[in-house]
Amino acid sequence: MSTIAADGNSKRMFIKGAPEKLLDQCSSYRQLGQAEPQPMSSAFAAELKARVDSLAAEGLRCLALAEVPTAGKLSELTRENKGKLLGSISHHDYSGYEVDATFIGIVCIKDPARAEVAPAIADCHTAGIRVIMITGDSRHTAIAVAREVNIIEGHQDEKDCCFTGTEFAAMDDRQRKAALGEEGGRVFSRVEPKHKRELVKCLIEMGEVVAMTGDGVNDAPALKQAHIGVAMGISGTEVAKFASDMVLADDNFATIVKAVEEGRSIYSNMKAFIRYLISSNIGEVLSIFFTAMLGIPEGFSSV
């Protein structure tokens, strides 16, 4: 994501995004205590990426910040040509604008899981419900959080149960079903909206009953396609709520587990009640059935 800031007659473009992507767009970096930016070497960039990976492995969400002092191509932006210039920027050519950037730093955000999530996921495992994490965060962050809440169990190999959205998109149908199999993927990181929709589609084709949770506009296609779309009532957008079948009033995953538990209890009680009615009234049912099948004999009359 980019932002233009005007400072007198000069313009600067500020950029934030995934560290592994943004660092490739930087040709220099700004160090504390130094007025002028320093050239970005490949060795220093690799060191930064390794540092980001170590922070992400602690469960931190990492966001890189950079600036283009002259705003690059966007330096031509004026009120007169704003619509034309911005309209020419598509999803595929951002890299042409975000070039020769100066790396500023990394922002790390800790978004801890709620205390009740891990027990709720354990209940899901006991009930035969598979929980799959789909996130836009980095692979290392996703794995750290998934292990914290036991979506990935201790004996599982990360290579077999964690994929990026790009890796999933490159797979054929057989590989996708293998990745989503019983011992397959549990975590999907750096996922785009189209990847979420493909994941839901693949699970449905495998015969699974799919419940999808989400809160953003980009989640709406996947929420609509799933058997049960679950939107967040507090943080969710109106688009996500409209596309969903159910809205959580408290944005709590444990509430979904409680709802499944209650639903299964109601279903079990209904089956038991129907079995009771059939077994206790089997004589009456058979009498009516045979009477309807054989008909009433001629000359028979009842008093």
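Which residue with a positive phi follows α5? In the predicted model, α5 is followed by Asn 150, with phi near 70 degrees. Residues are numbered from 1 along each chain as its sequence is written, and side-chain values use heavy atoms, with hydrogens and water left out.

Helix α5 spans residues 139-148; helices (H or I, at least four residues) and strands (E, at least two) are DSSP runs numbered from the N terminus. Its buried residues (under 20% relative accessible area, 1.4 Å probe, protein chains only) are Thr 141, Ala 142, Ile 143, Ala 144 and Ala 146. Elements covering these residues, by contact (heavy atoms within 4.5 Å), include α2 (42-56), β5 (60-68), β7 (133-134), α6 (158-161), β8 (162-164) and β9 (187-189).

Helix α4 (residues 117-126) packs against helix α12 (residues 253-280) at an angle of about 35 degrees, with the axes 9 Å apart. Axes are lines fitted to C-alpha atoms over the stretch in contact, and angles run from 0 to 180 degrees between N-to-C directions. On the α4 side, the contact is made by Ala 120, Ile 121, Asp 123 and Cys 124, and on the α12 side by Phe 253, Ala 254 and Val 257.

The charged end of Arg 176 sits over the ring of Phe 168, 4.8 Å from the ring centre (criterion: NZ of Lys or CZ of Arg within 6 Å of the centre and within 35 degrees of the ring normal).

Conventions:
Predicted model: local features only at pLDDT ≥ 70, side-chain atom pairs only at ≥ 80, totals over all residues. Buried < 20%, exposed > 50% of the residue type's maximum accessible area, 1.4 Å probe, protein only.
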